[in-house]
Amino acid sequence: MPDVQTQEDYWNSETGDFWAEEADRLDAILAPFLDLILAPLKGETYGHIADLGCGAGALTLAAAQQQGAGTKLTGLDLSGQMLAVAEQRAAAAGLSMTFVQGDATAAELDPPIDALISRFGIMFFEEPLPAYQKLHAKMAPCGLFSAVCWQEMLKNQWLSLPLQSVLPLLDAPPEKPDPHAPGPFAFADKARVTGILPEAGFKEVAMEPWEGTLTLPGDTLEAASAFMVYMGPVKSLIRERGLDPEKAQTAVAKAIDAACGAAPFKLGAAVWHVTANA
Ligand SMILES: C[S@@+](CC[C@H](N)C(=O)[O-])C[C@H]1O[C@@H](n2cnc3c(N)ncnc32)[C@H](O)[C@@H]1O
């Protein structure tokens, strides 16, 4: 993502539009992580659960369904477009929860939080240590933290394969990004995360690897490649480096075909499941 844009601008721009419009298909890709995140909460009733970077609310709704009506649910996110989808989904499901448009690094959440959960919303903070210190201060004693973040890009074939397939179309290779810059891979470095969270006050910090495959949307190569061109790293190259979208899609389709053959198109993925106690 471009340096000049703040996270707030980025998630309220066409990226927020994409995540809002494609919420159902993105949720289908990311479905395996709901149970993973919510497993440590199973069998316990939590008074207040907050979903950090809740986006279109899939995890917030799943937590509400797991916990039942006695639990207060808050979803916090920067993106107006995604929160609008979250509100609609909660209303359609008849579930009561609060969505707040705000910045997690300012910890705009009512204490005490008994469980802080997140699906890929924990690694976009410019200054993670003060952000997690503030979040920790809002938590109930021994409150639970359960979240997932991506491992490194190269272990996430579903993102790296489309990207690598379009590199020959560029006149010069993209600059190597700062691995700790706010973004999807900022918490890929286990040593970094297991340094930040304890310093912020969290105890019993653990990062368990999850490795598996994710299924790209679409029953045809055309549909799957079209989606992968309009999300993530390829989309950034189209926007920032003038990559031709049609040529990019042809290259991505060829790479998916070579890796998967027929639908369903499944590619490798690797995440960390991060758990801790306040
Ligand atoms: C990759 S999306 C994940 C969305 C959602 N959790 C899901 O799994 O579908 C990352 C989300 O984090 C949100 N986000 C990034 N920085 C944030 C911040 N400082 N405060 C609150 N939300 C933030 C973005 O707006 C975006 O919705």
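Glu-211 counts as exposed because it has 11 C-beta neighbours inside 10 Å. Here a residue is called buried if 20 or more other C-beta atoms lie within 10 Å of its own, exposed if 12 or fewer, and partly exposed in between, with C-beta atoms placed from the backbone. The model is a predicted one, in which local features need pLDDT of at least 70 and side-chain atom pairs count only at pLDDT 80 or more, while totals for chains, interfaces and linings use all residues. Residues are numbered from 1 along each chain as its sequence is written.

Glu-211 belongs to strand 6 (residues 203-215). Helices (H or I, at least four residues) and strands (E, at least two) are DSSP runs, numbered from the N terminus. Between Glu-211 and Gln-249 there are 38 residues in sequence and 27 Å in space, taken from C-alpha to C-alpha.

Val-234 and Ala-248 are 14 residues apart along the chain, and their C-alpha atoms are separated by 7.8 Å. Once neighbours within four places in sequence are left aside, the contacts of Val-234 are Pro-162, Leu-163, Val-166, Met-228, Val-229, Ala-248 and Val-252. Two residues are in contact if their C-beta atoms, placed from the backbone, lie within 7 Å.

Helix 10 comes next. In helix 10 (residues 221-229), the buried residues are Leu-221, Ala-224, Ser-225, Phe-227, Met-228 and Val-229. Their cover includes helix 3, helix 8 (157-166), helix 11 (232-241) and helix 12 (245-260).

Two helix pairs can now be followed in the model. Helix 2 (residues 14-21) packs with helix 6 (residues 80-93) at an angle of about 20°, and their axes are 7 Å apart. Helix 2 is therefore roughly parallel to helix 6. Axes are lines fitted to C-alpha atoms, for helices over the stretch in contact, and angles run from 0 to 180 degrees between N-to-C directions. Angles under 35 degrees count as roughly parallel, over 145 as roughly antiparallel, 65 to 115 as roughly perpendicular and the rest as oblique. Helix 2 makes a right-handed crossing with helix 6; a crossing is left-handed if the near helix is turned anticlockwise from the far one by less than a right angle, and right-handed if clockwise. Gly-16, Asp-17, Trp-19 and Ala-20 of helix 2 make this contact with Gln-81, Met-82, Ala-84 and Val-85 of helix 6. By class, the contact of helix 2 with helix 6 holds five nonpolar, two polar and one charged residues. Ala, Val, Leu, Ile, Met, Phe, Trp, Tyr, Cys and Pro count as nonpolar, Asp, Glu, Lys and Arg as charged, and the others, Gly among them, as polar.

In the second pair, helix 7 (residues 128-137) and helix 9 (residues 190-199) have axes that come within 8 Å and cross at roughly 45°. Helix 7 and helix 9 are therefore oblique to each other, and their crossing is right-handed. Pro-128, Leu-129 and Tyr-132 of helix 7 meet Ile-196, Leu-197 and Glu-199 of helix 9 in this contact. Its residues divide into five nonpolar, no polar and one charged.

The ligand is surrounded by 23 residues, of which the closest are Trp-11, Gly-53, Gly-55, Ala-104 and Phe-124. Two or more residues of this shell come from each of helix 1 (7-11), helix 3 (23-30), helix 5 (58-67) and strand 2 (72-77). A residue is near a molecule if its C-beta atom, placed from the backbone, lies within 6 Å of it. By class, the shell around the ligand has 14 nonpolar, six polar and three charged residues.

Some backbone details complete the picture. The peptide bond from Pro-111 to Pro-112 is cis, with omega near -10°, and Pro-112 lies in the loop between strand 3 (98-101) and strand 4 (113-119). Ala-263 and Pro-264 are also joined by a cis peptide bond, with omega about 0°; Pro-264 is in the loop between helix 12 and strand 7 (266-277). Phe-120, in the loop between strand 4 and helix 7, has a positive phi near 60° and is buried, with 20 other C-beta atoms within 10 Å. Cys-142, in strand 5 (residues 139-150), has a positive phi of about 65° although it is not a glycine, and is exposed, with 10 other C-beta atoms within 10 Å.
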